[in-house]
Amino acid sequence: ANLGELDIRYLSSELPSVTFSGVAFNSSKNELEFQVAKTGYSFYVRVYYAMVQGTPTSVDLSKKRLLSVKNVTTGGLNAIPVPQLIVDQITSFQGSVFWGLQVMNSSGWVGAVQWFNG
């Protein structure tokens, strides 16, 4: 389509150093709330959820589902709305629910997923 080639010289692979201090599902607001304790830059976060049978201590990555991508510009409390269909699945599920947060920069480079049980 005559778009040319992507010039990767201008894409940054640098990821900001981010610390998440807490993740919780707020059922009264149908939101996933997470605390950003430390950040020097704005960044994007990919938010995942995984529902796993029983009481595992780790996530079966084949169960990982992308919930949302959020632009985070400040530290403190951030929230992501959870669609009602997923809320219904989570509240009726007889197993463990994990929430995953993955830092992403504006060039699309991502860090490891940090998983939280809850």
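## Ser96 in strand 6

Ser96 sits in strand 6. Strands (E, at least two residues) and helices (H or I, at least four) are DSSP runs, numbered from the N terminus. The model is predicted: local features need pLDDT of at least 70, side-chain atom pairs count only at pLDDT 80 or more, and totals for chains, interfaces and linings use all residues. Residues are numbered from 1 along each chain as its sequence is written, and side-chain values use heavy atoms, with hydrogens and water left out.

Is Ser96 buried or exposed? Ser96 counts as buried, because its relative accessibility is 8%. Buried means under 20% relative accessible area, exposed means over 50%, and partly exposed lies in between (1.4 Å probe, protein chains only). Leaving aside neighbours within four places in sequence, Ser96 is in contact with Ala50, Met51, Val52, Gly54, Thr55, Pro56 and Asn117. Contact means heavy atoms within 4.5 Å.

## The chain as a whole

From the N terminus on, the order is β-β-β-β-β-α-β-β. Of the 118 residues, 32% are buried.

The accessible surface of the chain comes to about 7,300 Å². Carbon and sulfur atoms own 50% of that surface. Areas come from the Shrake-Rupley method with a 1.4 Å probe; for residues, only the protein chains shown count as cover. Take the contacts between residues at least 6 apart in sequence: 60% of them join residues at least 24 apart.

Four strands make an open sheet in the order 4-3-6-7, with antiparallel pairing. Two strands pair if DSSP finds at least two bridges between them. Strand 4 (65–72) and strand 7 (110–117) are the edge strands, and each pairs on one side only. Neighbouring strands of the sheet are turned by 25° against each other on average, direction ignored. Axes are lines fitted to C-alpha atoms, for helices over the stretch in contact; angles run from 0 to 180 degrees between N-to-C directions.

How many bridges join strand 6 to strand 7? Six bridges link strand 7 to strand 6 (residues 95–104), and the two run antiparallel. Met104 has Val110 of strand 7 as its bridge partner. Leu101 has Gln114, also in strand 7. The hairpin of these strands has five residues between them, and there Gly108 takes a positive phi near 95°.

Val69 lies in strand 4. Val69 is partly exposed, at 41% relative accessible area. Not counting residues up to four places away in sequence, Val69 touches Tyr44, Val45, Arg46 and Met104. Val69 and Val45 are 24 residues apart in sequence, yet 5.6 Å apart in space, C-alpha to C-alpha.

## Helix 1 and its packing

Which residues of helix 1 are buried? Ile86, Val87 and Ile90 are. Seen down the helix axis, the buried residues fall within an arc of 105°, so they line one face of helix 1. The arc is that of the directions from the helix axis to the C-beta atoms. An α-helix has 3.6 residues a turn, so residues three or four places apart point the same way. The face turned away from the buried side carries the exposed residues Leu85 and Ser92.

The buried residues of helix 1 pack against strand 1 (19–26), strand 3, strand 4 and strand 6.
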